[in-house]
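Subject: Structure handover and notes

Hello,

Please find the structure below, followed by notes on what was found in it.

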Amino acid sequence: MEQKLQVGIITATHGLKGEVKVYPTTDDPGRFRRLKKVILDNGKVSVDLEIESVKYFKQFVILKFKGLDDIEQVEKYRKASLYVTRDNAVRLKKDEFFIADLIDMKVVNEDGSPLGTLRDVITTGANDVYEVALDEGGTVLIPAIKECILEVDVENAVMRVHLLEGLLDLQ
């Protein structure tokens, strides 16, 4: 299981006083109001930052970090990812999972025979759809509904599924 979960990506600076424009990668952008700290990671450095203020502008979140008070201090963090620790993650409801925990999970048929590996989660209006790379080549899209997803074992990284008739025929 991932110990850090991505909540956003810094896209640009905002103004001259150290604010940054963040594209949220979380289902709940409002969660930034409740966050006290984030981990900034640009691939070279990983820094714990304390959030000083939060504003919203269109689909973006405008963040100001304590101690970073001008544009020069934050310019180098453009395109950096923002993470939270699992302890600071949103609480999940029953049968909800973090996408980071599902990616690369082994997928097996209801009888336990291997099917493939979960490669992507596609968010749609009605329900998510899991893109599974089949062991024998190709892919299958499985709707994330109770009729198809029988069991998800995050600890062992295995998902047991029931394929609706015709799903494999569509590839």
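β7 and β12 run parallel and are joined by four bridges, where strands (E, at least two residues) and helices (H or I, at least four residues) are DSSP runs numbered from the N terminus, and two strands count as paired if DSSP finds at least two bridges between them. Within this pair, Val107 stands opposite Met159 in β12. This is a predicted model, in which local features need pLDDT of at least 70 and side-chain atom pairs count only at pLDDT 80 or more, while totals for chains, interfaces and linings use all residues. Residues are numbered from 1 along each chain as its sequence is written, and side-chain values use heavy atoms, with hydrogens and water left out.

The open sheet

β7 and β12 belong to an open sheet of six strands with mixed pairing, in the order β10-β9-β8-β7-β12-β11. β10 (139-143) and β11 stand at the edges with a single partner strand each, so one side of each has no neighbour in the sheet. From one strand to the next the twist averages 30°; axes are lines fitted to C-alpha atoms (for helices over the stretch in contact), and angles run from 0 to 180 degrees between N-to-C directions.

β11 and β12 pair in the antiparallel sense over four bridges. Val152 stands opposite Met159 in β12, and Glu151 stands opposite Arg160 in β12.

Positive phi values

Most residues other than glycine have a negative phi. Ala157 has a positive phi of about 55° although it is not a glycine. Ala157 sits in the hairpin of β11 and β12, which has four residues between the strands, and is partly exposed, with a relative accessible area of 30%. Asp104 is also not a glycine and has a positive phi, near 75°. Asp104 lies in the loop between α2 (99-102) and β7 (106-109) and is partly exposed, with a relative accessible area of 47%.

The barrel

A closed barrel of six strands runs β1-β2-β5-β4-β3-β6, with antiparallel pairing. Its neighbouring strands are turned by 45° against each other on average, direction ignored.

- β1 and β2 run antiparallel and are joined by six bridges, and His14 stands opposite Glu19 in β2. Their hairpin has four residues between the strands, and in it Gly15 takes a positive phi near 75°.
- β2 and β5 run antiparallel and are joined by four bridges, with Lys21 opposite Ile62 in β5.
- β3 (residues 37-41) and β4 (residues 46-57) run antiparallel and are joined by five bridges, with Val38 opposite Leu49 in β4.

The cores

A nonpolar core is taken as a set of buried Ala, Val, Leu, Ile, Met, Phe, Trp, Tyr and Cys residues joined through side-chain atoms within 4.5 Å. Which residues of the largest nonpolar core touch the most other members? Of its 23 residues, these are Ile10, Val22, Phe32, Val38, Leu63, Phe65 and Leu82. At least two residues of this core come from each of β1 (4-14), β2 (19-24), β3, β4, β5 (60-65) and β6 (81-85). A second, separate core has 19 residues, among them Leu102, Met105, Leu115 and Val132.

Leaving out residues up to four places away in sequence, Phe65 touches Ile10, Val20, Val38, Leu49, Glu50, Ile51, Glu52 and Leu82, where contact means heavy atoms within 4.5 Å.

The largest pocket

The largest pocket holds about 1,000 Å³ of space. A pocket is an open set of points on a 1 Å grid over the protein atoms alone, where a 1.4 Å probe fits, with protein on both sides within 12 Å along at least five of seven lines; lining residues have an atom within 4 Å of a point. Grid points are joined across faces, edges and corners, and the volume is the space filled by probe spheres set on the points.

The lining of the largest pocket has 32 residues, of which Asp27, Leu92, Phe97, Phe98 and Ile99 lie nearest its centre. The elements giving two or more residues to this lining are β1, α2 and β11. The largest share, four residues, comes from β11.

Regards

Key:
Buried means under 20% relative accessible area, exposed over 50%, partly exposed in between (1.4 Å probe, protein chains only).
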